[in-house]
Amino acid sequence: MVLMYLHGFRSSPDSNKGRVMREALGEKFTFLAPDLNVSPLAVQKILLETVKDINPSQLCLAGSSLGGFYATWLAEKIGCRAILFNPATEPWCVINDYLGVQPIANTGRTIEVKPEFADQAKSMHCEIIHPERYLVFLSTADEVLDWHKAQKKYSACRQILLPENTHEITDFEQCLPEIEHFAAAN
């Protein structure tokens, strides 16, 4: 089985969630974590290239925030499963708030956010999803995204509410048993 982590906006494959999953589950799964600090159009190419030789039934995505949006797109495109952590539902609505050069957390690198990223992201929107493909973690004190939007979009999916938790998911380790169980199921 392959577990592929898709990090959020201005984050990296070595974010806390990525590190925790790699350390805890790296011996049980082939762990992948591509760097997605590029345009949404480039993200599509990276993801499709990364999974081209992986049977979708052997792949589980784990996407956080914007990575959750990307995970939804890829899960619907190729038919794999996905675990979502506080997924973005309409990133094209906020991209213009971040135009220009943006820092990437804990890396010393930057990404230049361009206006065309909004249309590129909107083209990846999946209006209809297959709910059986998803496990969704939602923090009820998310200070970045309105968790109710994700709760509504993924209402038919299995959801785990994290009461009073933040966007980052404090004590992310608490999610590991459910992540492992869902990722290992065929």
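1. (Strands here are DSSP runs of E with at least two residues, helices are runs of H or I with at least four, and both are numbered from the N terminus; two strands pair if DSSP finds at least two bridges between them.) Ser64 sits opposite Phe85 in E4. To get from E3 to E4, the chain passes through helix H3 (residues 66–78), a right-handed β-α-β crossover. Right-handed means that, with the strands pointing away from you, the path from the first strand over the helix to the second runs clockwise.

2. A word on the source: this is a predicted model, where local features need pLDDT of at least 70, side-chain atom pairs count only at pLDDT 80 or more, and totals for chains, interfaces and linings use all residues. Residues are numbered from 1 along each chain as its sequence is written, and side-chain values use heavy atoms, leaving out hydrogens and water.

3. Now the whole sheet: it is open, with 6 strands paired in parallel in the order E2-E1-E3-E4-E7-E8. E2 (30–32) and E8 (158–162) are the edge strands, each with a single partner, so one side of each has no neighbour in the sheet.

4. Is E3 buried or exposed? 6 of its 6 residues are buried, so E3 is largely enclosed by the rest of the structure. (Buried means under 20% relative accessible area, exposed over 50%, partly exposed in between, with a 1.4 Å probe and protein chains only.) Leu59, Leu61 and Gly63 cover one side, with Cys60, Ala62 and Ser64 on the other.

5. E3 also pairs with E1: 5 bridges join these parallel strands, and Tyr5 has Ala62 as its bridge partner in E3.
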